[in-house]
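Please look over the two chains shown below before reading on.

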Amino acid sequence: MIDFARNVRLWFAPQEISEEGSTPDYRFSLANERTFLAWLRTALALIGGGFAVDQFLPDLRWAWRVGLALALLAAGVLCSLRAVNHWVRCERAMRQGKDLPVSRFPALLGIAVAIVAVAMVIVVLAGWEG
Amino acid sequence: MTSPPDRDPGLQPERTRLAWRRTTLSSTVAAVLAAKAALHGGITAEGIIICALCCTLWLSFLTVAHHRITTLATNSAPPPLTPRHATAAVLCTVAVAVCAAVLVY
């Protein structure tokens, strides 16, 4: 948690990152940046999914609709915050010549998306009960 | 632009530039969905405010992306993305999600 707080401070303080270690090959930094952007797109897609659930499923019961939309939006927020945090951690690891940080977030997100997909299949097969 | 011997054979800056473009496109889709949601149930003061807010956020994201693309295009060995820009891009995304939560609720 303390590590996370320090990372949050680094989001806003670029000079502190560039004081640590040595600058890596710019291609590695750019690859890290693209990974960050890919996660940001994932987050935007989740947020778009939240809007879509709210807009295009008017037949769903209010609680289900709002619950599903808020869950997708929360996942989007989590995903984008995690994107910048992971980017900072990777950037620091590359500067210090350490191993890149490992994360269980992709597995958790994958499982969550799979659960939502299975739930949607069940809802469709059950003929929109509810 | 750079002369051919300087060019990175892996086209890393170009790929990064296109990644920014794709992300801007995604944020455009989110902004359009937000505008549709905000103005869906008739034009209300709340809807207009949220719609304007989402447009501003989209413009902010566009500015960040454009700034980064310009930096990538003008340097043969581009400097890394600054945390400030990364945070700005993420905060725009989070703010759109907050607007969405207000609309949904």
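Predicted model: local features only at pLDDT ≥ 70, side-chain atom pairs only at ≥ 80, totals over all residues.

## A position in helix α3 of chain A

A:Thr35 has 15 other C-beta atoms within 10 Å and is therefore partly exposed, on a scale where a residue is buried if 20 or more other C-beta atoms lie within 10 Å of its own, exposed if 12 or fewer, and partly exposed in between, with C-beta atoms placed from the backbone. A:Thr35 lies in helix α3 of chain A, where helices (H or I, at least four residues) and strands (E, at least two) are DSSP runs numbered from the N terminus.

Residues are numbered from 1 along each chain as its sequence is written, and chains are lettered from A and ligands numbered from 1 in the order in which they are written.

## Where the chains meet

In the model, 39 residues of chain A are in contact with 38 residues of chain B, two residues being in contact if their C-beta atoms, placed from the backbone, lie within 7 Å. On the side of chain A that touches chain B, at least two residues each come from α1 (2–12), α2 (14–19), α3 (26–56) and α4 (62–96) of chain A, and α3(A) gives the most, with 20 residues. By class, this side of chain A has 27 nonpolar, six polar and six charged residues, where Ala, Val, Leu, Ile, Met, Phe, Trp, Tyr, Cys and Pro count as nonpolar, Asp, Glu, Lys and Arg as charged, and the others, Gly among them, as polar.

The contact of α3(A) with α3(B) divides into 13 nonpolar, two polar and one charged residue.

Within chain B, α1(B) and α2(B) pack at an angle of about 175°, with their axes 9 Å apart, and are therefore roughly antiparallel to each other. The contact of α1(B) with α2(B) has 17 nonpolar, six polar and two charged residues.

## The largest nonpolar core

A nonpolar core is a set of buried Ala, Val, Leu, Ile, Met, Phe, Trp, Tyr and Cys residues joined through C-beta atoms within 7 Å. Of the 53 residues in the largest such core, A:Leu40, A:Ile47, A:Ala83, B:Ala34, B:Cys54, B:Val96 and B:Ala100 touch the most other members. At least two core residues each are supplied by α1, α3 and α4 of chain A and by α1 (12–38), α2 (45–74) and α3 (83–104) of chain B, with α4(A) giving the most, at 13 residues.

Leaving aside residues up to four places away in sequence, A:Ile47 touches A:Leu73 and A:Gly76 in chain A, and B:Ala30, B:Thr93, B:Val96, B:Ala97 and B:Ala100 in chain B.

## Other single positions

A:Ala117 is found in helix α5 (residues 105–125) of chain A and is exposed, with 10 other C-beta atoms within 10 Å. In chain B, B:Arg84 belongs to helix α3 and counts as partly exposed, with 13 C-beta neighbours inside 10 Å. B:Ala73, in helix α2 of chain B, is partly exposed, with 13 other C-beta atoms within 10 Å, and its C-alpha atom is separated by 37 Å from that of B:Ala101, 28 residues apart along the chain.

## Confidence

The pLDDT is the predictor's confidence in each residue, from 0 to 100. Its mean is 83 for chain A, where 92% of residues reach 70 or more, and 85 for chain B, where 92% of residues reach 70 or more. In chain A, confidence is lowest in α2(A), at a mean of 67, and highest in α3(A), at 90.

Over residues 1–5 of chain B, pLDDT stays under 50, and the model has two contacts beyond four places in sequence for them. For the complex, the predictor gives an ipTM of 0.85 and a pTM of 0.85.

Conventions: Axes fitted to C-alpha atoms, helices over the stretch in contact; angles between N-to-C directions. Parallel < 35°, antiparallel > 145°, perpendicular 65-115°, else oblique.
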